[in-house]
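Colleague: I want to learn to read packing from a model. Can you take me through one?

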Amino acid sequence: AIHLKTDYYKAWYNRGYVLAEMQRYEESLESYNNALQILPDYGTALYNSGYLLIKLGRIAQAAEVFTEYVKLCPVSEYTDLLNQQIARLRQYAQKYQ
């Protein structure tokens, strides 16, 4: 689908999801970023990008992505948990990175 229609955000998201399942995190993150370039307020791709950044050890960047997600989706079932996680990620990044 991506080769036929390069601006199809859902195809980029699906590709990212499959690559993440295969533990190909950098490629997955690139696919999620492509989806977000097409549809910047695609919350699920943003959230998953934050998760991948943690997997890749890019903690400060993950905190920023999760902060963007909370701004985008302030009434999410994950908001309170994410705000707590963001604070922990920032503390960890300051201490170890």
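This is a predicted model: local features need pLDDT of at least 70, side-chain atom pairs count only at pLDDT 80 or more; totals for chains, interfaces and linings use all residues.

Colleague: Which residues of the largest nonpolar core touch the most other members?

Modeller: In soluble globular proteins, nonpolar side chains tend to be buried together. Here the largest nonpolar core has 24 residues. Tyr13, Tyr42, Ala45, Leu52 and Leu89 touch the most other members. H1, H2, H3, H4 and H5 each supply at least two residues of this core. H4 gives the most, with seven residues.

Colleague: What is Tyr42 in contact with, leaving aside its neighbours within four places in sequence?

Modeller: With those neighbours set aside, Tyr42 contacts Tyr9, Lys10, Tyr13, Ala35, Leu36 and Leu72.

Colleague: Now H3, residues 43–55. What span should its 13 residues have?

Modeller: At 1.5 Å a residue, H3 should span 18 Å. The end C-alpha atoms of H3 are 19 Å apart, so the two values agree.

Colleague: Which residues of H3 are buried?

Modeller: An α-helix has 3.6 residues a turn, so residues three or four places apart point the same way. In H3, the buried residues are Gly43, Ala45, Leu46, Asn48, Ser49, Gly50, Leu52 and Leu53. Their cover includes H1, H2 and H4. Just after H3, Gly57 takes a positive phi of about 80°.

Colleague: And Ser28: buried or exposed?

Modeller: Buried means under 20% relative accessible area. Ser28 has 0%, so Ser28 is buried. Ser28 sits in H2, residues 25–38. Leaving aside neighbours within four places in sequence, Ser28 contacts Gly16, Tyr17, Leu19, Ala20 and Leu52.

How values were computed: Residues are numbered from 1 along each chain as its sequence is written. Side-chain values use heavy atoms; hydrogens and water are left out. Helices (H or I, at least four residues) and strands (E, at least two) are DSSP runs, numbered from the N terminus. Buried means under 20% relative accessible area, exposed over 50%, partly exposed in between (1.4 Å probe, protein chains only). Contact means heavy atoms within 4.5 Å. A nonpolar core is a set of buried Ala, Val, Leu, Ile, Met, Phe, Trp, Tyr and Cys residues joined through side-chain atoms within 4.5 Å. The expected span of a helix is 1.5 Å times one less than its number of residues.
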